[in-house]
Amino acid sequence: MRCGVLDIGSRTVHLKIADLFPGRPPEPVASWKQPVRLADATDRQGVIPRGAIRSLVGAVTASAAAASAHHVDRLIPFATSAVRDATNRDAVLDEIEAASGIRVGFMSGVEEARLTFRAVRGWLGWSAGRILLLDIGGGSLEIACGSGTDPALAISLPLGADRLTRHHLPDATPVKKRDVKALRRHVRATLGQGTAELRAQPAPLSCVATSRTFAQLARLAGTRQSGNGLPAAHSLSRKELLPWVSRLAVKTDRQRAKLRGISASRAHQCLAGAIVAEAAMEVMAVKRLTICPWALREGVLLDHLSRLEGEHSEFMTAPFMTAPRIANTAKSNISDTARGVASDLYELLERRK
């Protein structure tokens with residue numbers, strides 16, 4: 001079966017297409033993402049404005065067209081915290097469906113944590129033993145632990161890098177020490193209250209992190225390897241990360257974007273991400289994290305693969321779209337805005353073949 005996962009996140013709409021066969025890992029076919037930056041556009045009252053909704057609708061509709069072009073049998077569309085926590089969430093989802101024909105579901109933060117944990121287990125295997133997972137998104141921080149395919153315990157806290165940047169840090173950079181200290185106190189207080197049950201669990205054999213935030217911090221703070229001079233992007237230690245919090249605070253966004261591993265699009269939020277990562281490692285008594293390249297989208301694919309193999313899963317609540325409906329959506333509901341995006345997308349995908 002060819003399956004497409006449509007992930008509407010805080011910064012991008014990301015379509016990942018893979019072939020699923022029982023007894024084998026997902027085989028990637030194509031991947032495409034369109035920037036929408038919902039978190040940046042959302043106001044302090046949690047309202048996603050008209051312009052951002054139009055951009056989102058265009059990206060979702062173009063993704064449906066791409067799924068049809070790649071003969072996807074089943075499309076799984078879902079939204080994470082940026083849409084889930086918006087005060088006009090229902091109106092946004094209704095507008096997406098009206099324009100594209102796709103009814104997007106959304107999963108709770110706990111569901112995100114469980115499915116991401118499943119991806120980590122799939123990547124590391126059973127030799128990883130008991131796993132502790134940390135995952136920093138745009139709107140939330142997910143933590144999970146366990147020794148099985150699914151975690152024994154999973155939580156979600158409102159400590160995403162985008163959310164904290166918008167609500168706790170000034171728009172202008174550099175950031176003053178008092179603002180950094182205030183955010184650190186807030187993060188540690190939230191972690192202290194929210195992770196008590198997790199901290200009472202048996203010690204993990206493997207401490208793992210996923211997400212673009214952790215991957216970029218690992219490139220930024222990783223120890224250079226002897227011989228090739230490249231940073232250790234596969235792991236991140238708290239000792240290496242700690243001094244970077246103050247270093248990032250005194251830099252402008254432009255200066256941060258010139259640092260190893262920090263992209264221009266994430267330069268503004270990287271300080272908040274570093275504060276959350278360092279505090280979470282401290283509170284959870286983690287000295288070093290292994291960075292896993294598989295995350296939520298792969299977890300959704302593995303969860304669906306388990307369905308094909310006859311294993312029931314209670315965690316995935318986003319609706320499915322079958323191939324005929326995808327095709328009809330692509331043919332009849334592409335808006336003028338989306339047509340241009342879809343045209344660029346097709347050209348890009350063709351070049352990748």
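**Close-up views of a predicted model**

**View 1. L271 and its partners.** Setting aside neighbours within four places in sequence, L271 is in contact (heavy atoms within 4.5 Å) with L169, V175, V180, V245, L248, A249 and R256. This is a predicted model, where local features need pLDDT of at least 70, side-chain atom pairs count only at pLDDT 80 or more, and totals for chains, interfaces and linings use all residues. Residues are numbered from 1 along each chain as its sequence is written, and side-chain values use heavy atoms, leaving out hydrogens and water.

**View 2. The largest nonpolar core.** Here a nonpolar core is a set of buried Ala, Val, Leu, Ile, Met, Phe, Trp, Tyr and Cys residues joined through side-chain atoms within 4.5 Å; buried means under 20% relative accessible area, with a 1.4 Å probe and protein chains only. Among the 49 residues of the largest such core, V187, L191, F214 and L271 touch the most other members. Helix α12 (residues 270-283) gives the most to this core, ten residues; helices are DSSP runs of H or I with at least four residues, and strands are E runs of at least two, numbered from the N terminus. A second, separate core has 28 residues, including V36, V83, I102 and V104.

**View 3. C207 in its strand.** Look for C207 in strand β9 (residues 206-210). C207 counts as buried because its relative accessibility is 19%. Leaving aside neighbours within four places in sequence, C207 is in contact with L132, V286, R288, L289 and T290. From C-alpha to C-alpha, C207 and C145 are 9.2 Å apart in space, and they are 62 residues apart in sequence.

Conventions:
Buried < 20%, exposed > 50% of the residue type's maximum accessible area, 1.4 Å probe, protein only.
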